[in-house]
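Please read the following report alongside the sequence and the structure. It begins with the chain as a whole and then turns to one residue.

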Amino acid sequence: MAFTLYSLLQAALLLVNAVAVLHEERFLRHVGWGSDQGIGGFGEEPGIKAQLTNLIRSVRTVMRGKVTILCSNNLVRQVLLLGFH
């Protein structure tokens, strides 16, 4: 199997899907990455942990519906391609 742009896009889709399905109360809070963790004061630069938490929350908010559609489309495409080989 060759390394192609399509396989790179599939890997990126799977990573975004993994971030989109993370549940804050079941997983993130148990490892110390909940929404109440890492709250800084006014005027302070947020740390890397707070920035990553905000990125995860943003991806979950924006991409959840889109990732579902893209993963479903990818699944159908893979089933159809495997059916013809």
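Read along the sequence, the chain runs in the pattern α-α-α, and its secondary structure amounts to three helices and zero strands, where helices (H or I, at least four residues) and strands (E, at least two) are DSSP runs numbered from the N terminus. This is a predicted model, in which local features need pLDDT of at least 70 and side-chain atom pairs count only at pLDDT 80 or more, while totals for chains, interfaces and linings use all residues. Residues are numbered from 1 along each chain as its sequence is written, and side-chain values use heavy atoms, with hydrogens and water left out.

The table gathers values for the whole chain.

| Property of the chain | Value |
|---|---|
| Buried residues (under 20% relative accessible area, 1.4 Å probe, protein chains only) | 16% of the 85 residues |
| Accessible surface (Shrake-Rupley method, 1.4 Å probe) | about 6900 Å² |
| Part of that surface belonging to carbon and sulfur atoms | 67% |

Among contacts (heavy atoms within 4.5 Å) between residues at least 6 apart in sequence, 62% join residues at least 24 apart.

Tyr 6 lies in helix H1, which covers residues 5-20. Leaving aside residues up to four places away in sequence, Tyr 6 touches Asn 74, Arg 77 and Gln 78. Of these, Arg 77 lies over the face of Tyr 6, at 4.6 Å from the ring centre; a charge sits over a ring if NZ of Lys or CZ of Arg is within 6 Å of the ring centre and within 35 degrees of the ring normal. Tyr 6 has a relative accessible area of 31%, and is therefore partly exposed, a term for values between 20% and 50%.
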